[in-house]
Amino acid sequence: MEETADSVGDNEGDHIDIALEDLTTEQWLEKLAAAETLAAERLEGQQRALADFQNFKRRKSQEIQLVHRNAAAELLSQFFPIVDDLHLALKSLPTTEDSATWSEGFNMIHRKILSVFEREKVSVIEAEPGEPFDPHIHEAIVQEAHDDYNSDVVISMVRPGYLLGERVLRPAQV
């Protein structure tokens with residue numbers, strides 16, 4: 001069986017079956033150019049597909065990180081009322097010697113929860129009297145005139161707020 005050139009000719013209708021050994025130099029150069037063009041197109045397609053896949057992996061990784069951050073923020077936010085209640089309980093505990101063990105137990109629970117917050121990069125937003133009001137981290141629950149303070153200044157904090165990194169999970173109520 002004799003080998004023939006697959007397609008020789010300039011137009012699609014000009015295909016002539018010619019034995020490979022009978023191809024001219026120009027015909028070989030045409031075949032080589034066609035093969036190089038096809039190889040370049042396939043390489044470009046593979047590179048584009050690889051880049052698309054890498055972008056897909058990066059986007060999915062970012063989405064997963066966002067879901068984890070949001071889940072962590074949601075879970076941690078559920079502890080804020082517990083910490084608030086513990087803080088109120090600590091303020092109202094009697095100081096007698098009989099209640100010292102109870103008091104220490106409440107203090108330990110409070111410290112453990114705050115240490116979990118610290119490990120998870122949650123920080124407390126404290127608002128000191130005289131500090132400028134910042135609507136990004138403060139929630140005004142009462143606005144009143146005060147002789148000692150200018151307007152748009154925190155007079156007192158009702159409840160602390162919390163940040164997760166730069167994200168406000170709960171603004172401080174002032």
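1. Helix H2 provides five residues, the largest share, of the lining of the second largest pocket. Helices here are DSSP runs of H or I with at least four residues, numbered from the N terminus. A pocket is an open set of points on a 1 Å grid over the protein atoms alone, where a 1.4 Å probe fits, with protein on both sides within 12 Å along at least five of seven lines; lining residues have an atom within 4 Å of a point.

2. This is a predicted model, in which local features need pLDDT of at least 70 and side-chain atom pairs pLDDT 80 or more, while totals for chains, interfaces and linings use all residues. Residues are numbered from 1 along each chain, and side-chain values use heavy atoms, without hydrogens and water.

3. The second largest pocket holds about 300 Å³, a volume being the space filled by probe spheres set on grid points joined across faces, edges and corners. Of its 14 lining residues, Asp84, His87, Glu126, Met157 and Pro160 lie nearest the centre. H2 (80-92) and H3 (100-119) each supply at least two lining residues.

4. The largest pocket holds about 390 Å³. Its lining has 18 residues, with Val142, Gln143, Glu144, Val153 and Ile155 nearest the centre.

5. pLDDT, the predictor's confidence in each residue from 0 to 100, averages 84 over the protein chain, and 90% of the residues score at least 70. Over residues 7-11 the pLDDT is below 50, yet this stretch has 10 contacts in the model beyond near neighbours in sequence (contact: heavy atoms within 4.5 Å). Where pLDDT is low, the predicted coordinates should not be read in detail.
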